[in-house]
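Morning, everyone. I'll take the two ligand sites in turn. Here is the model.

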Amino acid sequence: MNVLLTGGTGYIGSHAAVCLLQAGHNIAIIDNLSNSQELVAGRIENITQKKAPLIVGDICDTNLLIQTIQEHRIDAIMHFAGLKAVGESNAIPISYYINNVQGTLSILNAMDQTGVSTMVFSSSATVYGEPQYLPIDEHHPTSATNPYGRSKLHIEEILSDVAKSDKKWSFICLRYFNPVGAHHSMQLGEQPNGVPNNLMPYIAQVAHGIRAQLSIFGNDYLTTDGTGVRDYIHVMDLAEGHLCALDYAHQHPGWHAINLGTGTGHSVLEMVTAFASASGMEIPYQFEPRRSGDVASCYAKTDKANKLLQWSAKRSLESMCTSTWAWQTGEFSQK
Ligand code: NAD
Ligand code: UFG
């Protein structure tokens with residue numbers, strides 16, 4: 001298939017691009033480079049020895065999307081583009097709704113005008129809000145506590161409405177848990193701007209001596225060791241899940257929400273121990289009060305992905321840590 005990746009030079013999109021090309025698909029990428037670099041497209045080509053054409057532009061530009069879809073004879077869209085920082089979304093909600101919701105409407109408009117009807121969408125476990133039971137399955141009630149999460153929920157609802165309007169539409173909302181890790185080539189990984197918000201890149205920077213110590217937000221949760229528990233999933237497992245979702249979407253029109261996680265939760269302290277062991281470095285830390293908006297535990301029930309997509313996460317916590325460490329200390333993350 002010919003697949004258009006929005007946000008394809010970003011962290012998750014770039015790994016998915018490699019999987020798609022290696023599986024024999026053709027791709028085109030559209031990205032406004034607001035949180036990524038042009039040279040990522042070249043790295044995707046280095047790894048795969050295949051073409052990864054990058055169109056630098058914004059998903060809100062419907063005409064550019066139409067032109068790109070026609071030029072590259074696109075059959076399906078993988079929609080990664082968007083803003084993703086929870087804290088920032090409280091400060092600049094309008095930008096979040098423009099980039100995430102309006103951007104998706106622009107894509108749908110372009111799809112409608114060009115006859116493309118399949119989309120795999122990057123949703124998030126954040127749509128489950130405060131977990132009411134664990135593990136979280138796809139029937140768990142949805143809610144939002146910040147504009148980022150609400151933008152994902154709005155998009156899911158819009159896609160559901162559009163799917164009901166005509167049987168041709170095929171939308172898969174992949175609800176990611178906590179993606180971590182990097183490509184084994186060390187050419188692709190997560191490159192946070194400034195101080196990382198997320199645990200894994202923060203730990204990696206502490207291990208590398210870039211930051212003095214990790215602040216662990218809360219040690220009084222009702223978890224095994226008092227620290228927060230999450231379902232960390234290797235980004236390559238996540239990327240492979242997109243391939244399976246694309247196949248499924250192609251054969252099963254309609255609207256589907258599917259969790260992508262491992263089904264296993266790990267505490268912050270377990271992550272610190274695993275990373276220290278993988279890197280051979282000490283990770284100094286201190287306990288701090290809980291971070292506002294955090295939940296104690298969040299991990300996925302993965303039966304739906306196992307059954308419908310014939311997919312399950314395979315890579316270990318050790319592999320998540322070693323690949324992150326190799327990326328952190330390698331030459332490519334410095335650029
Ligand atoms: P990322 O920031 O690395 O990648 C997003 C890409 O989209 C970037 O390259 C950015 O430049 C581009 N982009 C943003 N707005 C755009 C616009 N208006 N037009 C064109 N390009 C635009 O983020 P990521 O971690 O790869 O996340 C990809 C998707 O997955 C996002 O939608 C995010 O909300 C979702 N998600 C991420 C996580 C996570 O922890 N990383 C968890 C759940 C869901
Ligand atoms: N944590 C720390 N110190 C830090 C950073 C995080 O102790 O410096 C803790 C948090 O309190 C939490 C755990 O590490 O217990 C994981 O935190 P992350 O920020 O890495 O991840 P979250 O689960 O809070 O959120 C992430 C994304 C969201 C997404 C969600 C589910 O940031 O956008 O996963 O996919 F919605």
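A definition first: I call a pair of N or O atoms within 3.5 Å a polar contact. Keep in mind that this is a predicted model.

I'll start with ligand 2. An N or O atom in the Asp-294 side chain sits 2.5 Å from an oxygen atom of ligand 2. Of the ligand's 690 Å² when taken alone, the protein buries 88%. The backbone takes part too. Phe-177 places a backbone N or O atom 2.6 Å from an oxygen atom of ligand 2. For a backbone N or O atom of Leu-199, the distance to an oxygen atom of the ligand is 2.8 Å.

Who is around it? Ligand 2 has 21 surrounding residues, with Ser-124, Ser-215 and Arg-230 among the closest. Strand β8, residues 214-217, contributes the largest share, 4 residues. The classes run 10 nonpolar, 7 polar and 4 charged.

Now ligand 1. Here 26 residues form the surroundings, and the closest include Asp-31, Lys-84, Asn-99 and Tyr-148. Which side chains reach its oxygen atoms? Asn-35 does, with a side-chain N or O atom at 2.7 Å from one. Ser-36 does as well, with a polar side-chain atom 2.7 Å from an oxygen atom of ligand 1. Ile-59 uses its backbone: an N or O atom there lies 3.1 Å from a nitrogen atom of the ligand. On its own, ligand 1 has 820 Å² of accessible area, and the protein covers 95% of that.

Last, the shell of ligand 1. Helices α1 and α6 and strand β5 each supply at least two residues. β5 gives the most, with 3. By class, that shell holds 9 nonpolar, 13 polar and 4 charged residues.

Conventions:
Residues numbered from 1 in each chain as written. Chains lettered and ligands numbered in written order. Predicted model: local features only at pLDDT ≥ 70, side-chain atom pairs only at ≥ 80, totals over all residues. Heavy atoms only, no water. Near = heavy atom within 4 Å. Polar contact = N/O pair within 3.5 Å; in protein donor to acceptor, adjacent residues only side chain to side chain. Areas by Shrake-Rupley, 256 points an atom, 1.4 Å probe, with all protein chains shown as cover. Nonpolar A, V, L, I, M, F, W, Y, C, P; charged D, E, K, R; others polar.
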